[in-house]
Amino acid sequence: MVEGEEDIIMLGSSADSGPDIQAKQALDSSDDSEAEENSLVPIELPLYPQPSRSEPSQLSTFRPTRDLNVYELSTDEASATGLQNETLVLSVDREETLALLGSYILTVLKGSVSMLGVTLSASKVAHHVFAPRSAPIPILRCASSDVHADLNLYSLPPRIRNNDGGAVVAIQSLDTGVEGLGHVCRVFDGVFEPSRWQRSSAEVIRPGVSLVTHSTRDVLPFVLPESWSIALSAAETPPPSEDPIPLSVYVVKGPKKSGKSTFARTLLNRLLARYQRVAYLECDVGQSEFTPGGLVALNVIDNPVFGPPFTHPSLPYKAHYVGATSPRCSPAHYLAAVQALLETYKIEIQTSMPDDESIDTRVTDVTPLVINTMGWTKGLGADLNAKIEELAEPTHVFEIIGPEEKGWPTAPPAYDTLYNQSAPSKAFQYTLEAISPHLTNTHFNAVDQRNLNILSYLHAIFPSITSGSFPSASAPLHQMTATKWETSHPLCARYPYEVDWSRAFNQVILIGAGYEDVIPSEIANVLNGAIIGLVECEPGTEDSVYLDPSGARELPYTQARHPPVPSTSTCHGLALIRAISPSSSHMHILTPVPPAMLARCRVIVKGELELPIWGMLDFTDVNEGVAGTEKGRVPYLQWGKSEGLGGERRRVRRNLMRKAQM
């Protein structure tokens, strides 16, 4: 084995043959002739057999029949079985599939089922599943398992049929209020219900849960490509290492609309079957998985996530606010934030003392890391992703070749030339195909998803915590995910925090293009109605703020101030400044961050991220106004065509190429 080589595995399949795995070793460039013979030549991946959107495919072969494969358990029967509340029990045979639309609680009582690329065996764990039409819905299938291992987990009633080789699952209604987000962001109204094309064929089996039989133009199934399945199975096996504690770092990269985030989420769920906790580093500030956009965040996950990002907003273990959906304007700050979070992972999360008292059979003393890079894979974006990969020192790299890269070949990063450093340590390289465009829902674009993530975060209700308990290097690492959503009132009608900024905040910082020109007398107008990051800085690390000798009550703002240093600060979450008093030092703030953490946030940072228009509207006003005000008199909002210079919609040309690209 030549020093510095990397294992590159290309995964592919075709319609005529089974999966084809080719493993090649890219040798060091010191021997040009040998490297030329063994170098991996970029090839176009073969087309994968995928169902066509024009031909509806059958999603559910399971046919519900009462007292034959569907059983209603009363509250007393469910309690005797070991469950809570009224429960619907389904007996699924080996060859049957089941597609459910809505939000529900899934418990495997007997056997095993596969869903979203993950195998779930019979256990006492209740999984929260969110299956809206805006994302590919999960398909439940029976998976092979040892039927004798789970015979005594649940005391099932005698009337439930014992299907040998099949699975028995419990379905319960899940009341979280997430469906109300459709009233807030009307683009997603009714996504948890069957559409008008399926209302005649869909069958409601529980309140808020419908069985879907066939795919339609707006209901598409989750299909795990063959190469993804092979790569995920290979990733579950830790790499051989001389270290007695094998450490694993997984990097997922690929262009936009290629399924990169979906693969990273599936990989996370697969790893949670082996490890008690998995760290997730979100580097895609435009399409974040657990936090709203604009944050580079490090999350510690201990439960699988079954649903799109807006269904599991979480409080990060540590995060840094970039303030934009792209690091284009602040690449240095973006890289510093990623580097600081990688250091936090290595020092505080990567290894821990084994929990000998836990009954969990999963690995507890090692926490692997999944890194989701951004989909900007050209120019500066490619350089930033290459630098992140270098800093992470991954053991596995998954690269998805998407349609955006066709015809635009990208040379592999030359680390010696770009950064004058050696290439990353040996890693297993997996080249995967992108998800077929026929399996992606085109009714909801990236901007819609990003807006919904922000609004879901602002309406979310997180578990209560005590002061000083999160995060801490000595405290247990627990996932802080929203459990409910309060959508009965719009943001304009919710009770805010009234904050005296003269006592609560030490600094106000503006970041982003053009913000260095904002003078102190205009800072109140800039912050009014703004999305801000709530930042905690270590004592003694904040820069001193110039105070007006005249004694005027002004916000602690200084022009052109640099953002907080990532190594000595953390962003606990986002907030909306709903109003600033012009005559006093008070402001109204809306935020889902628990009060115990708010007291530690003494710095607020305003970036380019803005509140979506849907968040400014009042969905409870029958006259389409806002808080009783006619829509024509609502500040900051304008209905109809704008007037004046610059009022027309701009035309953006995206077909221009640089000279080097011609």
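The side chain of His 320 reaches the backbone oxygen of Pro 566 at 3.4 Å, a polar contact in the sense of a pair of N or O atoms within 3.5 Å, where within protein one must be able to donate a hydrogen and the other to accept it, and residues adjacent in sequence count only if both atoms are side-chain atoms. The model is a predicted one, in which local features need pLDDT of at least 70 and side-chain atom pairs count only at pLDDT 80 or more, while totals for chains, interfaces and linings use all residues. Residues are numbered from 1 along each chain as its sequence is written, and side-chain values use heavy atoms, with hydrogens and water left out.

His 320 belongs to strand β17 (residues 318–321); strands (E, at least two residues) and helices (H or I, at least four) are DSSP runs numbered from the N terminus. With a relative accessibility of 3%, His 320 counts as buried, a word used for under 20% relative accessible area, as against exposed for over 50% and partly exposed in between (1.4 Å probe, protein chains only). Leaving aside residues up to four places away in sequence, His 320 touches a set of residues including Leu 295, Val 296, Ala 337, Leu 341, Pro 566 and Cys 571, contact being heavy atoms within 4.5 Å.

Turning to the aromatic residues, the structure holds 10 aromatic pairs. Rings of Phe, Tyr and Trp (its six-membered ring) pair if their centres lie within 6.5 Å, and planes under 30 degrees apart count as stacked, over 60 as edge-to-face and the rest as tilted. Phe 188 and Phe 310 make a tilted pair, with 6.4 Å from centre to centre and 50 degrees between the planes. This pair links distant parts of the chain, 122 residues apart: Phe 188 is in the loop between α3 (181–184) and β11 (203–206), and Phe 310 in the loop between β15 (295–301) and β16 (314–315). Phe 188 is buried at 2% relative accessible area, and Phe 310 is buried at 2%.

Tyr 250 and Phe 398 form a stacked pair, 6.4 Å centre to centre with 20 degrees between the planes. Tyr 250 lies in strand β13 (residues 249–253) and Phe 398 in strand β19 (residues 396–401), so the pair ties together parts 148 residues apart in sequence. Tyr 250 is buried, with a relative accessible area of 1%, and Phe 398 is buried at 0%.
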